[in-house]
Amino acid sequence: MASFKPTKIQVYPKLGEKVTQDTLYWKNYKAPVQIKEFGAVTSIDFSPVTPHNFAVTAFTRIHIYGPFSQEPVKSFTRFKDTAYCGRFRSDGQLLVAGCEDSVVRLFDVSGKVALRLFKGHTKAVHLTDFTSDRYQILTGSDDYTCRLWDIPNATELTTYREHTDYIRCGVTSKLNRDLFITGSYDHTVKLFDARVEKSVITMDHGQPVESVLLYPSEGLLVSAGGRHVKVWDLLKGGQPLVSLKNHHKTVTSLALSSNGQRLLSASLDRHVKVYSTTNYKVVHNFDYAASILSLALAPDDESIVVGMTNSILSIKHRKNQEDSKEIAGQQRRRPSYRVFVKGKNYVPKQDDYLVSKPVKEHLAKYDKQLRRFNVSKALDTALETWIRFRKPEITMAVIKELDRRGTLKNALAGRDERGLSQLLNFLIGNFVDARFTPVLVTAAEMILDIYQSIIGQSPLVDRQLLRLQDLVEKELDYQKELLEVLGMLDTMFASSLPRKEVPSPTVDHFPTCSLNTDS
Amino acid sequence: MVEHGDIRVVHCGGSKLNFRDPVITHDSRFLLCASGEAVKVFSTSTEECIHELRGHTGLVTGVLLRPSNHLQVYSSSLDGTVRLWDFTDGILIKTCVIGYPIYSFYASAKHENIFVFAERFQLVAVHLPQSGDQLVEARELSAVLSGVNPNPAAIAFGRGGEFIASVNDLQLEVYFFKKQKSYRFFLKEDNKKGGWNTFTCVACHPKDDCIATGHEDGKIRLWRNFNHKKEYTYSTLHWHHSAVSSLCFTPEGTNLLSGGVESVLIQWRYKQESERDFLPRLGAAITHITVSPDGSLFCTSHSDNKITIIQSCVKVSAVIQGLVKGDSIRTDLMMDPRSKALVLNGKPGHLQFYSLQRDKLLYNLDIVQQEYIHESGLQQFEVVKAAFDASGLWLATVEERHQKAAELELNLKLWAFDEQTQSFVLNTTISAPHDAQITAMSFRQTADSQTTLLVSTSKDGHFKAWQLAAPAHTEDYIQSVNCPSWLCDFVGAYHGLVPECCSFSADGSLLAVAFQEVVTVWSPATWELTFFFFSPPSISDLCFGRLSCSKYLLGTTASNLLCCWNLLTCSCKTSPCIKVLSTQNFFCDSLNRFISLFLSFLLSVFVFKPSEPRPLFSRKAVCSGKVTQAVFAPREEMLESCEESSQWLNRSQLYFLTQQMDLMTFTTKAEEDRLLASSKQLVIDDSVAMTPFYLLLGKHRQQQQEHRDSDSSLWAERTALPQTSASIKELLQTPAHVLPSTSYLCSMFVQSLLISVSDARSAHAEEEMESEKEEEDSEEEMESSRSKPELVAAATESDAPALTKAQARELRRVRKLDHSWLAGLLDS
């Protein structure tokens, strides 16, 4: 006597992204903490010293947040106008920020009032940074100049007037106190050496440059502007290495993951993309609610902080090992593992006589019903809310099995309003899924055949039937359009291919995902 | 053409087991069933075929135990004879010629006569003459009933043979022998609920006046009081949803067994019909049910050529499975390169592996892996194509299900051979690999077998190449699936024509795909079309030559041409092109270079060498009916035949399947003689079931025989003398209940038996003495208390319960004579 063979749940190819190490790594963040700021968040900077507070520049304020606080631990509010580019010094003691009113302010992180005011620019200052010797400040302004300032005296050291448009970004070298790079809206990125009067290298980005980033080795420079992210080799005199065009709106911010293996770019198209720095392929992608203006990663990727135009600051913290363990602990309220394996891992000794006991097979609920030929009940169990929403392939498998047994009609018939609406709900939810359509079409036809007499009796069912009709019509139109596109593509391919004696074959890698055109 | 007298067509097993209901002997140890032209005797415990009772020249249509002697059995056949056999020894005792083909026959203990169902729908009583002759002719025939259903289940004897019940169509006829009177009961054609009342089978209660009839609509009616024309009553039992195919009462009449298409055996309690026992999922529709005379075993035969032996506690104890022959062989006959078994589709959704050498089903591979619903008119998944790769490591199967309204459901499955379990394990399932039916599949046969490639052609106009892809990820991806799976590598088409067949060359460097009338040759390395041949009528079969003929590509066309293209000249040179009448199939030998060709209408077979236009061998009218499938099977050992005509049979054997699903083969005379000789040598002592213990004991018996033969010279001739060791003494003299566990003793005991060679030589002389001493020991022991030897003897006898009295006496005598056998036995 053969045992009952359980219904086979078909494994459908996952249409989404492939699960890679990167996916796992970048998905291992908690749900974001969202903080409402006073205006668009233009800049985020992490303090280089522990506890790695970060300064968030938004509107006329700079807030400093602790690594886990949701309230600012400190705020600088003494700006007359919109503040820009709050940056920490490498010792984390000082903070510099530019302002719309062209004054650059230097703050002590523990104080409240500005220590120094650097006046000299004539327009808004969007770029401020400390040089690596900690005694100078680099600023760049909308008056097309960038300047170096001496901190102790608050005096201007040098002025560079090479750019021909707003200077909106820049970075100082961490290794050399004299080198700094600025990016401007005149499409160029310039490398300056404070020891000489002029720029050393000029790179043409092609679009207004929004952000520049130096690799930790400082051999490579990344610039972002327009939809492009470009990587330049500084050691080869500013030779372009790669040009990445993965965003469909302006890229506003760049960041490197702490080990330098991954590059992150944030854009106005609401995405943050993660590139591998070895092959510059996108390995992961984050979605956000609004256009992103600023992006920063905590050291060791402990958190990802993103500032958006809708003045929301989103902070994602990495899940700790302890946290994940805690969650696992919560789930384990069932009998302990010991109970399940009790006696099962016993290895018989040499002299033992083994009495084998037939292993009791466990069937799923729907299989138990199917074994007893209770077709309606089997469908009921397969339509349970959890299965219906989380595992539609199980419901599909049961419907398919019932169809194979020729008893789908019996199973579908004789339902009350609630049962029918549940069924229709499932249909509406999964009807246009190409993987499920072939089976659901037969089921839908049967449902219409069975229940056509009760149309008009229940407003709920009527509404759902109308929705279903709508859905089918829409899908038909969609498929028609797709076929048209396919035709166009075919003609294009045919004309672009060289004429050969042998008709060139088309490669189809996904036979199971073929388009379905029937209603 | 030359007639080859020495090559003959013979049946080679795989015959039907479920043609008539099997018979279980009185001691429930043997099961007899009609199988083709022979009666097979199976052991109920080991499922082995013990011997075949051969002698009939026509299909055996019935097997019955002789009511007066339960060690003898009658068999009837279409050749018009009834034969009496001694089934324990397989000896034909008597042949009784009746003269008419017998379709079924019955016997009852109360009657001298046996009843045969012969021509013209008549039931005839035959008196078998009581003469001692081997061959007698039965003259006394008397018609009993006319208008009888040819189905053997439609007639049954009533209580003690007092009456006979026969059903036909809508009529139940009961004939009382004493009164010489028959009563007829009619049912209406249709009752109100729309059921069919047609009778299908009948069974009579052995102790009670009750007739059970099965009906087309699944009802079972129990008729009582039927010795009155008017006052008969019946009650109805209903569980089956389609026709009841078999009914049977247990010998005491306490239970009624019924079965049908649902493949569920139901045990109804007589007079408490609401209580039922079920034995579901027996595998295939039940065709016959029989019960052993002592009621301890039930036996059901199934439509898939299977006999299931069921204990009366409704538990399956044994399954005798023959070659499953469905309605059609959708997959061609194939050879498993690894086990050299014949592979074809058998049970629905299964692929069967059948050993031709042993005439035994090895196993069924479940391809569809779905619960089979036993219901007529239901479209099920069927295995339609299968292909092995050259090493037998991969198996590709295609299953399809075609419903009228819905789309075609296709699954391509790839199975990898698992060394550990010695069976195929599912590796990849590709649902909907093509849009239409798959017409052919072929694996690439490469010597290095590094990259495995499968090509499938389909009616949707494409052929696809599937490649075994290593897990397609570098260090970035997770090794979630570390076993390789199959992916589509290439999709090819040719002017929208439908590809019919495909074939890889022997070295795997070329792929030929026939698109109707165009044969395209591709190179699998680059997937470029290298060249193509054009032959006006469409190609129905393709294959490359092997070994020395590998430059030839052969094809048969729809207009009865066998074409052969030479690939070296690379042109459409159809060098040997033979005009033949309607080629049906042709099959290529995998080992040597021969091609056989079957012509359906001529019923002929031709064997060619691809390089020569003249056939090597031809034979007309090989069998009655068309040849549907054929396969070359490699031989286990090569034949040494020097004759040119039969040389093609040297290394392989050609098996073919006729329309009647008979498996046939060609043999040479020499081979047949050899086989016959070997079968004579192999006379199995089958009084005992073939258990391991029996083997042990059987050896001992042979030894014992030798001892007795040698008698006085026994001692001199003995080479292996019983070892007198402490362990033996311990084993034999210590009471059983104080002995340590057997497994503990055993290792010690075996170790004590292991002696070094030198030791054995030197100890030879004293062994004699010691064994004598032991002899005395045991003698004494026996005199004091006979308990131990008897215990051992009981143990030996327990497995052989049916020792005759003579044997028992012999055994006792032997026991008195010689007790060293025990040690000898242990020694062996």
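I started at A:Arg371, which is partly exposed because its relative accessible area is 32%. The cut-offs are these: buried is under 20% relative accessible area, exposed is over 50%, and partly exposed lies in between (1.4 Å probe, protein chains only). A:Arg371 sits in helix α4 of chain A. Helices are DSSP runs of H or I with at least four residues, strands are runs of E with at least two, and both are numbered from the N terminus.

I noted that the model is predicted: local features need pLDDT of at least 70, side-chain atom pairs count only at pLDDT 80 or more, and totals for chains, interfaces and linings use all residues. Residues are numbered from 1 along each chain as its sequence is written, chains are lettered from A and ligands numbered from 1 in the order written, and side-chain values use heavy atoms, without hydrogens and water.

Next I looked up the whole chain. Chain A has 11 helices and 28 strands. Of its 519 residues, 47% count as buried.

Then I turned to A:Thr158. Is this residue buried or exposed? A:Thr158 is buried, since its relative accessible area is 15%. I found A:Thr158 in strand β13, residues 155–160 of chain A. Leaving out residues up to four places away in sequence, A:Thr158 touches A:Cys146, A:Arg147 and A:Leu148. A contact means heavy atoms within 4.5 Å. I also checked contacts across chain A: among those between residues at least 6 apart in sequence, 46% join residues at least 24 apart.
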